[in-house]
Amino acid sequence: MSEISTKPYMLRAIYEWCTDSGYTPYLAVKVDASTTVPMEYVKKGEIVLNISFGATSGLKMDNDAIRFHARFGGVSREIYVPVNNVMAIYANENGQGMAFEPQLGGSDASAGQSSPVVEEPSAPALASVPSIAPAPAPASTAKPDDGASPDDDNDPPRKGGRPTLTRIK
């Protein structure tokens, strides 16, 4: 008997945590022939999708795929993302969430038979959660005499920037 993947359960749990906390859940997806997304929004074979209640209609997160309708440029589109293609789920506001290695080109059953442990890396995968890259500070707001060196990382991520996925290996 093949082992059941924990990935769809983790996706649903992080989604629920985001919504309960008032955060906006985002999915980072690796796009291939098995995904149905608006290709005009795909960059470098990847797309980031807002899956919040207000941005989707009919969201269904199954063990094999995530399905919903969303508007892109005012036009309702049907979205289909196999769970294997999900690279990360995270809160847009603070970047907290979970990242995964995408398993492209196969179903859950075939991926589970060839390497059941590969899909779910252990604790180090949590170190590769997406984060919001801080935008460079404009010259007019920089304080030259504040004593902070450029390597200080004490500031929280800035809101309003486009989220990016940072992979740490």
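Ser52 sits in the loop that runs between strand S2 (46–50) and strand S3 (56–61). Please keep in mind that this is a predicted model, where local features need pLDDT of at least 70, side-chain atom pairs count only at pLDDT 80 or more, and totals for chains, interfaces and linings use all residues. Residues are numbered from 1 along each chain as its sequence is written, and side-chain values use heavy atoms, with hydrogens and water left out.

**Around Ser52**

- With a relative accessible area of 15%, Ser52 is buried (buried means under 20% relative accessible area, exposed over 50%, partly exposed in between, with a 1.4 Å probe and protein chains only).
- Neighbours within four places in sequence aside, Ser52 is in contact with Tyr15, Thr24 and Pro25 (contact means heavy atoms within 4.5 Å).

**The chain as a whole**

- Two helices and seven strands make up the secondary structure of the chain; helices (H or I, at least four residues) and strands (E, at least two) are DSSP runs, numbered from the N terminus.
- Starting at the N terminus, the order of elements is α-β-β-β-β-β-β-β-α.
- Of the 169 residues in the chain, 33% are buried.
- Take the contacts between residues at least 6 apart in sequence: 60% of them join residues at least 24 apart.
- The chain exposes about 10400 Å², and carbon and sulfur atoms supply 54% of that area (Shrake-Rupley method with a 1.4 Å probe; for residues, only the protein chains shown count as cover).

**Aromatic pairs**

- Searching the whole structure turns up three aromatic pairs; rings of Phe, Tyr and Trp (its six-membered ring) pair if their centres lie within 6.5 Å, and planes under 30 degrees apart count as stacked, over 60 as edge-to-face and the rest as tilted.
- One of them is the tilted pair of Tyr26 and Tyr90, with 6.1 Å centre to centre and 35° between the planes.
- Tyr26 belongs to strand S1 (residues 25–30) and Tyr90 to strand S6 (residues 86–91), so this pair ties together parts 64 residues apart in sequence.
- Tyr26 and Tyr90 are both buried.
- Tyr41 and Phe72 also form a tilted pair, at 5.3 Å centre to centre with 45° between the planes.
- That pair links distant parts of the chain, 31 residues apart: Tyr41 is in the loop between S1 and S2, and Phe72 is in strand S4 (residues 65–72).
- Tyr41 is partly exposed at 38% relative accessibility, whereas Phe72 is buried at 16%.

**A charge over a ring**

- The charged end of Arg12 sits over the ring of Tyr9, 4.7 Å from the ring centre (this requires NZ of Lys or CZ of Arg within 6 Å of the ring centre and within 35 degrees of the ring normal).
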